[in-house]
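The structure comes first, then the details.

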Amino acid sequence: MTTLKSKLQEDLNAAIKERDELRSSTLRLTLTAITKEEVAGKEKRELSDDEVLKVITKEAKKRREAAEAFAQGGRTESAEREKAEGELLAEYLPKQLSDEELRQIVVQAVEEVRAAGAEGPRAMGQVMKIVNPKVAGLAEGGRVAAIVKQQLAGG
C-alpha cells in the first residue's frame with residue numbers, strides 16, 4: 001500500500017524529470033514540512049496519511065492566504081504563483097464540500113441544537129461540535145464558522 005507521503009515523493013521525482021518547476025518546488029516544500037513535523041516530537045516518527053493530509057491542508061491554506069496578501073499588495077505575479085501552488089496541493093486533498101452541501105449539514109446541526117434548547121452564542125459552540133467531525137478535512141474552519149453564524153442569525 002502506498003502512503004500519501006510516498007505518492008508525494010513519486011510525484012516529485014516525476015516533476016523533476018519533466019522539468020515541471022512549479023510542481024517540483026511545491027512538492028519539495030511540502031515534503032520538507034512533512035519531515036519537519038516528523039522530527040518535531042521527542043523522537044522521529046512516520047506521519048500517518050491523516051497527519052500528512054493535515055500538513056498539506058496547512059500548506060495549501062498558507063498559499064491561499066499569501067495569494068490574497070500579494071493580490072491586495074498589487075503583486076499579481078506572486079499572487080498567481082501562490083494560487084497555482086495552492087491548487088496543486090488541493091489535488092492531494094479530499095474534495096471540499098460545496099457551499100450547498102456544507103449548508104445542509106449546518107442547517108441540520110442548528111435544528112438539533114435548537115431542539116435541545118440552546119440559543120445565542122452558546123448555540124454556536126454546540127453547532128460547531130456537531131458539524132466539525134462531519135466536515136473534518138472537507139471544509140475549512142473559517143468557511144464552516146461563517147455558515148454556522150449565518151444560519152444561527154436566521155440566514
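A residue counts as buried under 20% relative accessible area, as exposed over 50%, and as partly exposed in between (1.4 Å probe, protein chains only). The model is predicted: local features need pLDDT of at least 70, side-chain atom pairs count only at pLDDT 80 or more, and totals for chains, interfaces and linings use all residues. Residues are numbered from 1 along each chain as its sequence is written, and side-chain values use heavy atoms, with hydrogens and water left out.

The structure holds 16 salt bridges, a salt bridge being a side-chain nitrogen of Lys or Arg within 4 Å of a carboxyl oxygen of Asp or Glu. Three of these pairs are listed here.

| Pair | N to O distance |
|---|---|
| Lys 7 and Asp 11 | 3.0 Å |
| Glu 59 and Lys 62 | 3.0 Å |
| Arg 64 and Glu 140 | 1.9 Å |

Helices are DSSP runs (H or I, at least four residues), numbered from the N terminus. Glu 140 is partly exposed, at a relative accessible area of 27%, and Arg 64 is partly exposed at 39% relative accessibility.

Glu 59 and Lys 62 lie three residues apart in helix H3 (residues 49-72), so about one helical turn separates them. Glu 59 is buried at 8% relative accessibility, whereas Lys 62 is partly exposed at 46%. Both belong to a salt-bridge network that also includes Glu 21, Arg 63, Arg 81 and Glu 85.

How values were computed. Helix = DSSP H or I, 4+ residues; strand = E, 2+ residues; numbered from the N terminus.
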